[in-house]
Each structure stands twice: as C-alpha cells, then as structure tokens.
Amino acid sequence: MKKLLALLLVLGVILMNACQKESSFENGNTPSQGLLQSGATGDCFPKTVAGTYVQGTALNGASNFITISVMVTTAGSYTIGSDTVNGVFFRLTGIFTGTGMATVNLRGNGTPAGQGTYNFRIQYDSQECTVPVTFLPTGAGGPAVFTLNGAGGNCTGANVAGGYAVGMALNATNKVTINVNVTTIGTYTISSTATNGMTFSATGTFVTTGPQTVDLLGTGTPTAAGTSTIPITVGATSCNFSVPVGSAAVFSVNCLSATINGDYEKGVALDPTNTVNITVNATTAGVYSISASANGMTFSGSGTLVVGANSITLTGSGIPTADGSFNFNMPGTPACSFAVVVNPPSTDPPATGTWKFTEGAVTYQGTISFANFDNVSAPPFSIFYFYGFSTAGEDFELDLADLNGGIVTAETYNMANATGTANTAGFYFDGVPPKKYEADPTVTGNTVIATVTSHNTSTKTMTGTFSGNARDNNGVFKAITNGTFSVTYQ
C-alpha cells in the first residue's frame, strides 16, 4: 500500500499529513447498510484483537481474528474487511438477517512480514475505522509477564480521561492510562473488576520490555454518584484507581454556533488543528460527554457544564474516507447537527529526480515523482517537499522548512530543531517491512541534517545531501549515510 507523509512547518508549528490509497469491498446484490462503531481517535469501538501474531508465522483465522461491533440499519449481505498491511488482512462475509447492534469476527489471513504495530483500516458500507495489531518478532509468542506500578495500593500515575455521570453510558473518551513494567514480551489482557456499572479493559501485545503505558477502555453505565474505586489485578500484583462519577447535565447544543477549524481532505488524517467550537446551553449543571462520528471522522469532548451558555471544544480524529459535506449529530433536547466539508485529495505538482542513501550495508535509491515549493511573504518562510519511490515499491520523502524565507545554496536544515527560530526538516522512508526510518522535530534523539548544495530558482532544480541517525520502526536509531537528492520541480 502506498503511503505518503508530508511535513509542513509554519512558524515552528509542525503538521504531519498522511495520504493513503484506499481499499473497497464489494457486497452482494442486496447489500446491508450500517455504521461501524468508531471511537474518539477514529479506531473501531469496541474491538478485540484475538490470538498471537508473530513475524513469519501464518495466521489461523480460527484463532487470529478481530472482533468489532456494527450498527446494522438495513439487513442484507455484507463484506467487512481490512486493507492488507504487513502481509496480512482481516475479512468476513455473511448476511445480516436483522437490524440493530451486531458483533462480527474478522478472520485473519496471510503471513506477517515484519514485527511492530500496524494499523488496519476496517471498512463496512461507507464507514471506516482503524484497529492496531502488534506483531511479535520471530521466535516470540505466548503471554507477556509484567507487573502493575503501584501494586498493593493506588496505581502509580493512573490518568483518568473522559466525563462520568450516573446513567450516562461510557464511550471512547472514557479511558484510564496505567503504568506497567514488562519483563517478558507477549500478549496481554487486563480487565478491572466491574464496579458501579463500569469496567475498564485492554488487550494487546508488548513487543519490548521495561516501563510502558496501557490505555484501559471504559464500558458500561455508572449507577451511583460519588468516587468509585476500581481495582485491577495482573498475576500476583493488583492496584486501584479512582473514577469520580457526577450527575449528568441536561443541555441542548446550538449547532448554528459551530465554528469548524482546520482543513479537511479525503484520505488525510485529522490533526490537533481539526476542532469544532460550539455553544452548549445547560438547564441543569453536570457532566457531559459527546462523541459523534461520520465519514471516518470523530469529534468528541467531555467535561462539566454550568447552567446557561457554555462554549466547548470538540476535538477531531480519524481519516475522511470521501469528499463532500457530512453531518455530525449532537445529543441533547432538541437534537441538531453541524456539517463538515471534506475537500477532494490535493494533487502535488509532478517532478523528476533521484534520491539515494545508505544504512548499514544496504544502499536504497529511487526516483522522485512529486515536489512542491511554497513561499509565504508575511511572515516570510519557505517549504519544499518531495517524495518518490524505488523499484521495490519503497517510499521516500524529504521536507525542508526555512523560517527566514528562501531555500538557498549552502543552507543546512537540522531535523532535530523544533524551536521555530531556525531551519528544520523531515526525512521519511517506508521500505519493505520491517525497514522504516524517520527523522523530524517530533523524533527526539535524531541527528539528521540536510544540506542544500545547489538551488537554481530559474531552472527550478535543487540538489543536496543528508546524513545522521534516524529512528527505525523498532525505535532504534540507525546511521543514515551518503544521502543525496537531485530534483527538478514545477
């Protein structure tokens, strides 16, 4: 699957966009219709990844599957499945004989090519959500061995997110992050004791040892107000965390007040700039939790309301699957909706050129297909990015950002710079699994520096070099040497 990453820096604010070729799945002559249950981060909700996934070991659909829930609105045939990632995919075909909530097991197929965590895009009808699946290295497998931090008392550093109120069902905004220490990699399942109508749980795989965090997703509906102490046990260790439960607010949403922030483009992941500011009028003070999904996107927020007008912010996540105008339904009495307009995919200007670099004993090289050079006058800054491919289908991208404007000969671009006061850059390479390297200001510890050796704005040609330590897909820094590029852009 082709994947494009672009780094755009505007006065020190770094925005990363991802474009990805989409997959589609054909249904029968009388297809069912419905909705995937999408969480606040665009992931499928609820979801369970069953089985152990090991590099080089073929999947068994009976034990390797993903369980997801769908809301069926029209009965009929269905095919629910994922794209192919890391050599495997998940899929199930059948018939929904009725409407309402349904649970399906998407059977795994294929043999994992690499280790690490990969996101699978699940599609049903016109809906899409994601499920992360972690693959262990060759020879690994079995249950992980780990302990809870704060065993014997309060879970150390537990962070409770979301709003909790009597009679208000938990959604994907309701989660608790806990800290664990892993001594043996492998699969894990953590579930709290059901308390006050709530349960917090998680399943997954640890691929490295040492201190790590786990997000426990909350389900259920609180039945009583007050502070609920939630106990969890792993092996011989146990700890607890506290969840404050209040009273639910009674409110209406003024959808006409909605201000849509950020840019929306088909196939491009939403980022922190994608928010909606909206007014909520509460007649009874209390807790609120809002999560609305459409077209692969979710806007969510939680907190407390006071009587009267409240200005709240809903944070967007996910990846738009189609362009057009899409309505997001808001709760409250009366209900209303606001619309988000998604633009068609942008087309980068074509370019020609070559790229090359060496890591270890391997030299990677290929051609450049697209490039874009933007100058902004006030405040002055310039952004130049290009990407291309190798004959093996590997993706390469390099981005340069000059906050003083102009990208000229002999300038250097430090990919570790994130201050917004000097030149910075981004380097990305997505090779045949598990080869993957990246360096930009969000990758702490990278030392990659790019140098422009020539730039002729009349002929629109640029050459340069780059080298330094970049992070691979296992979090290990590798030396990138002899990096060169030569590009002619439009």
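Good morning. A search of the whole structure finds two disulfides, and I shall organise my remarks around them. Please bear in mind that this is a predicted model. For those new to the subject, a disulfide is a covalent bond between the sulfur atoms of two cysteines.

Let me begin with Cys155 and Cys239, whose sulfur atoms lie 2.0 Å apart. Where in the chain do these two cysteines sit? Cys155 belongs to the loop between strand 11 (145-148) and strand 12 (159-161), while Cys239 is in strand 18 (residues 237-245). They are 84 residues apart, and the pair thus links distant parts of the chain. The link is right-handed, with 95° about the S-S bond. Both Cys155 and Cys239 are buried.

I turn now to Cys255 and Cys336, joined with an S to S distance of 1.9 Å. This link is also right-handed, at 75° about the S-S bond. Because Cys255 lies in strand 19 (residues 250-260) and Cys336 in strand 25 (residues 336-342), the pair ties together parts that are 81 residues apart in sequence. Is Cys255 buried or exposed? Its relative accessibility is 11%, so Cys255 counts as buried. Cys336, with a relative accessible area of 22%, is partly exposed.

Finally, the setting. The protein has 35 strands and zero helices. Of its 490 residues, 46% are buried. Among contacts between residues at least 6 apart in sequence, 61% join residues at least 24 apart. The accessible surface comes to about 20700 Å², and carbon and sulfur atoms account for 52% of that surface.

Thank you for your attention.

Conventions: Residues numbered from 1 in each chain as written. Predicted model: local features only at pLDDT ≥ 70, side-chain atom pairs only at ≥ 80, totals over all residues. Heavy atoms only, no water. Helix = DSSP H or I, 4+ residues; strand = E, 2+ residues; numbered from the N terminus. Buried < 20%, exposed > 50% of the residue type's maximum accessible area, 1.4 Å probe, protein only. Contact = heavy atoms within 4.5 Å. Areas by Shrake-Rupley, 256 points an atom, 1.4 Å probe, with all protein chains shown as cover. Disulfide = S-S within 2.5 Å.
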